[in-house]
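Take a look at the model below. Follow the chain from one end to the other before you read on.

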Amino acid sequence: RRQRQMCIRDRAKAIEAEAEATEKAEAKEAKEEAAVEEAQEELAEKAEEAAAKDAEAAEAEKAEKEKPE
């Protein structure tokens, strides 16, 4: 009977440890996903800025070509 009680206790501890490990892994994954999302937003913002600069440069070049000499 004592051995059975120990087995039950050990199983409960193993389940608790597994649940804790899963929780930690999920928290780490959520943190990594948030970091990736933030990096993607940053890259999208930089791409928009670069596209705006390119458009500005193209407009300036076009205006320069259309100027009478």
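## About the model

This is a predicted model: local features need pLDDT of at least 70, side-chain atom pairs count only at pLDDT 80 or more, and totals for chains, interfaces and linings use all residues. Residues are numbered from 1 along each chain as its sequence is written, and side-chain values use heavy atoms, leaving out hydrogens and water.

## Overall form

The chain has one helix and zero strands. Both terms refer to DSSP runs, numbered from the N terminus: helices are H or I with at least four residues, and strands are E with at least two. Helix α1 takes in residues 2–66.

The C-alpha trace spans about 105 × 10 × 5 Å along its principal axes. For the chain it is 30 Å, while a compact globule of 69 residues would have one near 11 Å. (This radius is taken over C-alpha atoms, and the globule rule is 2.2 Å times the number of residues to the power 0.38.) Now pick two residues. K65 and R11 are 54 residues apart along the chain, and their C-alpha atoms are separated by 80 Å.

## Exposure

How much of the chain is buried? Buried residues make up 0% of the 69 residues. Here, buried means under 20% relative accessible area, exposed means over 50%, and partly exposed lies in between (1.4 Å probe, protein chains only).

The accessible surface of the chain comes to about 6,900 Å². Carbon and sulfur atoms account for 51% of that surface. Accessible areas come from the Shrake-Rupley method with a 1.4 Å probe; for residues, only the protein chains shown count as cover.

## Salt bridges

How many salt bridges does a search of the whole structure find? It finds three. A salt bridge is a side-chain nitrogen of Lys or Arg within 4 Å of a carboxyl oxygen of Asp or Glu.

R9 is partly exposed at 43% relative accessible area. D10 is partly exposed too, at 41%.

Another pair is E20 and K24, at 3.5 Å from N to O. Both residues lie in helix α1, four residues apart, about one turn of the helix. E20 is partly exposed at 47%, whereas K24 is exposed at 56%.

E61 and K65 also form a salt bridge, with the closest N and O atoms 3.6 Å apart. They too lie in helix α1, four residues apart, or about one turn. E61 is partly exposed at 48%, and K65 is exposed at 66%.

## Surface charge

The chain carries 14 positive and 23 negative charges, and their mean positions are 17 Å apart. Lys and Arg count as positive, Asp and Glu as negative; His and the chain ends are not counted. The place of a charge is NZ of Lys, CZ of Arg, CG of Asp or CD of Glu.

A patch of negative charge sits on the surface. Its members are E23, E26, E29, E32, E33, E37, E38, E41, E42, E45, E48 and E49. Patches are made of residues with over 30% relative accessible area and no salt bridge; like charges are joined within 9 Å, and nonpolar side chains (Val, Leu, Ile, Met, Phe, Trp, Tyr) within 5 Å. Take E38 as an example. E38 is in helix α1 and is exposed, at 52% relative accessibility.
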